[in-house]
Amino acid sequence: MKLKVSVIGVFVGFTVIAARGAAVIAGAATMIMILSASLAPAMEIEGIKLDEKVSLGQGGPQVVLNGAGVRYKLALVKVYVGALYLATHKNDSEEIIKNPGAKRVAMYVLADEITAREFIASLNNALAANHIPAELALIESRIRELNRLMSTIGVLNKGGAVYLDYVPGSGTRVTVNGQEKGTIKGEDFFQSLLRIWIGKKPVDGRLRDAMLGTAAGARPQ
């Protein structure tokens, strides 16, 4: 009888150990899945992986992906992937423009190359289309400063990245391929830049809807 009890006890002991081991393994597997999900990009467009959250510099404010899409030229030629990051999700263009919080417009080049001259001309034309002369006059010197900063890049090759970050209290920080080019002061200046993509006459209507998160598949689920 004692032998039988011992055998049963050993069996129960092994069963408990096995159950605990299975629970540990299951817990570890769940943790791995959670970590993998947190490391995965929120979206991928044309091979460009976009993070759901980014920080605007070391210790800077954090912003979330509001929406992203492709900038087309002549309706067919893919120029870049454009992404808009905000402090919180919004889909009204004027509300976004007037909001004083941190923001990022990110551009990831899809074309084989974009020259600085082409990039500057596109920005300037879109600014002119979305502002009356009196409005442009107020930011004219800062437009020239942006043109100067962008002219230093020479050529943007496929895979290159341009970040236009609005950092409250600092201004519009221009970063090209990970290299900070300079900062242009004034919240009103970044508001003007935003109209290039989400204004009444954007460079690309489909990209505007994508950045606003109103186009299908343009916002992380």
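Helix axes are lines fitted to C-alpha atoms over the stretch in contact, and the angles between them run from 0 to 180 degrees between N-to-C directions. The structure is a predicted model, in which local features need pLDDT of at least 70 and side-chain atom pairs count only at pLDDT 80 or more, while totals for chains, interfaces and linings use all residues. Residues are numbered from 1 along each chain as its sequence is written, and side-chain values use heavy atoms, with hydrogens and water left out.

With that in hand, α3 and α5 pack at an angle of about 95°, their axes lying 9 Å apart. That angle makes α3 roughly perpendicular to α5, a label that covers 65 to 115 degrees, whereas under 35 counts as roughly parallel, over 145 as roughly antiparallel and the rest as oblique. L123, A126, L127 and N130 of α3 make the contact with S192, L193, R195, I196 and W197 of α5, contact meaning heavy atoms within 4.5 Å. Six of these residues are nonpolar, two are polar and one is charged; here Ala, Val, Leu, Ile, Met, Phe, Trp, Tyr, Cys and Pro count as nonpolar, Asp, Glu, Lys and Arg as charged, and the others, Gly among them, as polar. Helices (H or I, at least four residues) and strands (E, at least two) are DSSP runs numbered from the N terminus.

The partner of α3 on another face of the description is helix α4, residues 133-151, which packs against α3 at an angle of about 165° with the axes 10 Å apart. The two helices, α3 and α4, are therefore roughly antiparallel to each other. In α3, the residues A116, F119, I120, L123, N124, L127, A128 and N130 meet E135, L136, I143, L146, N147, M150 and S151 in α4. This contact of α3 with α4 comprises 10 nonpolar, four polar and one charged residue.

The remaining pairing to follow is that of α4 with α5, whose axes come within 11 Å and cross at roughly 70°, so that α4 and α5 are roughly perpendicular to each other. Here I139, R142, I143 and L146 in α4 meet D188, F189, S192 and L193 in α5, and by class the contact has five nonpolar, one polar and two charged residues.

We turn now to the open spaces. A pocket is an open set of points on a 1 Å grid over the protein atoms alone, where a 1.4 Å probe fits, with protein on both sides within 12 Å along at least five of seven lines, and its lining residues have an atom within 4 Å of a point. The largest pocket holds about 260 Å³ of space, and of the 16 residues that line it, K73, V79, I114, E118 and S122 are the closest to its centre. At least two lining residues come from each of β4 (62-73), β5 (77-86), β7 (113-115), α3 (116-130) and α5 (187-198), with α3 giving the most, four residues. By class, this lining has 11 nonpolar, one polar and four charged residues.

The second largest pocket holds about 160 Å³, a volume being the space filled by probe spheres set on the points, which are joined across faces, edges and corners. Its lining consists of E94, A129, N130, E135, R195, G199, K200 and K201, of which one is nonpolar, two are polar and five are charged.
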